[in-house]
Amino acid sequence: MGDLERELRDLSTWLETPEPPDVRAQVRERLHRPALRWRPLAAAALAAVLVAVLPPTRAAVADVVSGLLRFAGVSIAVSPDQTTPSGVASPLPGQRIAGLDEARRAVRFPIRLPAKLGPPERVVVADPDPTGTCRVATLLYDGGALRIDAFDGRLNLSFHKEVIPPGAEWVEVNGDFAVWVDGPHVLSYVDRAGTVHKESARLAASTLIWQDADVSYRLEGARTQAEAIEIARSLR
């Protein structure tokens, strides 16, 4: 039995499961109704099942009808007709390059380095509040092709992704839930007021999203899912 299956079985012990009522008469009646009435019922049932199996220890909400998943400060929207951003994406609000020690003083959360990669080539901080405390810290590797964004997981959404279905899947990092977004997708920044910055939209590479304590992470640019998970597990 895998860790994910084991956690879902453990979750079932939380739920009260009273004896089901006899609904055979109601079912027979509904079967004779027009077929279109079943569509919203089926969608609602599916939504309930997905919300029930989402990570119980993380703030995650899935909306099956709109194809939206919110997890670890990132919203992921399923878009069947994805439009590639044109032009050069604008930087995040207040974005600037900082030394590692300076970056650690500029944010409220610990900046951890992946032992698998070592020290970053560059560090960028962004979106400072009136006190100068930044909301996002980014570690850049391989000329910027591989990056780790870290941001305060206690805050509201920080990034919005648009993926072509199926697009995203649940995986695990250190025994906890994570999301793997496979393939290129549109990425936009969401500011402190909840506004999606369309001008920041860019085409992002495959990304791993996870949370550790109160810090959320997105690792972009790993060659494979296995490599991304290995890098995430090496954060120290």
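Student: Leaving aside neighbours within four places in sequence, which residues is Asp 127 in contact with?

Tutor: In this predicted model, Asp 127 is in contact with Pro 93, Gly 94, Thr 133, Cys 134, Arg 135, Tyr 189, Asp 191 and Arg 192, once neighbours within four places in sequence are set aside.

Student: Where does Asp 127 lie?

Tutor: Asp 127 lies in strand S5, which covers residues 122-128.

Student: And is Asp 127 buried or exposed?

Tutor: Asp 127 counts as buried, because its relative accessibility is 7% and the cut-off for buried is under 20%.

Student: Which side chain does the side chain of Asp 127 join in a polar contact?

Tutor: The partner is Tyr 189, and the polar contact between the two side chains is 2.6 Å. Tyr 189 also belongs to a core of nine residues, which includes Ala 126, Val 136 and Val 179 as well.

Student: What about the backbone: what is the phi of Asp 127?

Tutor: Asp 127 has a positive phi of about 55°, although it is not a glycine. Ala 213 is another residue other than glycine with a positive phi, near 55°.

Student: Where is Ala 213, then?

Tutor: Ala 213 is placed in the loop between S13 and S14. These two strands form a hairpin with two residues between them.

Student: Is Ala 213 buried or exposed?

Tutor: Ala 213 counts as exposed, because its relative accessibility is 56% and exposed means over 50%.

Student: Why is S13 described as largely enclosed?

Tutor: Five of the six residues of S13 are buried, so the rest of the structure largely encloses this strand.

Student: How many bridges pair S13 with S14?

Tutor: Six bridges pair S13 with S14, in the antiparallel sense. Within this pairing, Ile 209 has Arg 218 in S14 as its bridge partner. S13 also pairs with S10, again antiparallel, over four bridges; there, Val 181 has Thr 207 in S13 as its bridge partner.

Student: Changing topic: what is the order of the strands in the open sheet?

Tutor: The order of the eight strands is S4-S5-S6-S7-S14-S13-S10-S9, and the pairing is antiparallel. At the edges are S4 (96-98) and S9 (168-173), each of which pairs on one side only. On average, neighbouring strands of this sheet are turned by 25° against each other, direction ignored.

Student: What joins S9 to S10?

Tutor: Six bridges join S9 to S10, which spans residues 176-181, and the two run antiparallel. In this pair, Glu 169 stands opposite Trp 180 in S10.

Student: Which strands does helix H5 lie across?

Tutor: Helix H5, residues 225-233, lies across S7, S9, S10, S13 and S14, and it runs at about 40° to S9.

Student: How many residues are in the largest nonpolar core?

Tutor: The largest nonpolar core has 31 residues. Among those with the most contacts inside this core are Phe 109, Leu 208, Trp 210 and Tyr 217. Setting aside neighbours within four places in sequence, Phe 109 is in contact with residues including Ala 137, Ala 150, Phe 151 and Val 215. In soluble globular proteins, nonpolar side chains tend to be buried together.

Student: Finally, how many helices and strands are in the protein chain?

Tutor: The protein chain has five helices and 14 strands. Of its 236 residues, 42% count as buried. The chain exposes about 13300 Å², of which carbon and sulfur atoms supply 56%.

Notes: Residues are numbered from 1 along each chain as its sequence is written. This is a predicted model: local features need pLDDT of at least 70, side-chain atom pairs count only at pLDDT 80 or more; totals for chains, interfaces and linings use all residues. Side-chain values use heavy atoms; hydrogens and water are left out. Two strands pair if DSSP finds at least two bridges between them. Axes are lines fitted to C-alpha atoms, for helices over the stretch in contact, and angles run from 0 to 180 degrees between N-to-C directions. Contact means heavy atoms within 4.5 Å. A nonpolar core is a set of buried Ala, Val, Leu, Ile, Met, Phe, Trp, Tyr and Cys residues joined through side-chain atoms within 4.5 Å. Buried means under 20% relative accessible area, exposed over 50%, partly exposed in between (1.4 Å probe, protein chains only). Accessible areas come from the Shrake-Rupley method with a 1.4 Å probe; for residues, only the protein chains shown count as cover. A polar contact is a pair of N or O atoms within 3.5 Å; within protein, one must be able to donate a hydrogen and the other to accept it, and residues adjacent in sequence count only if both atoms are side-chain atoms.
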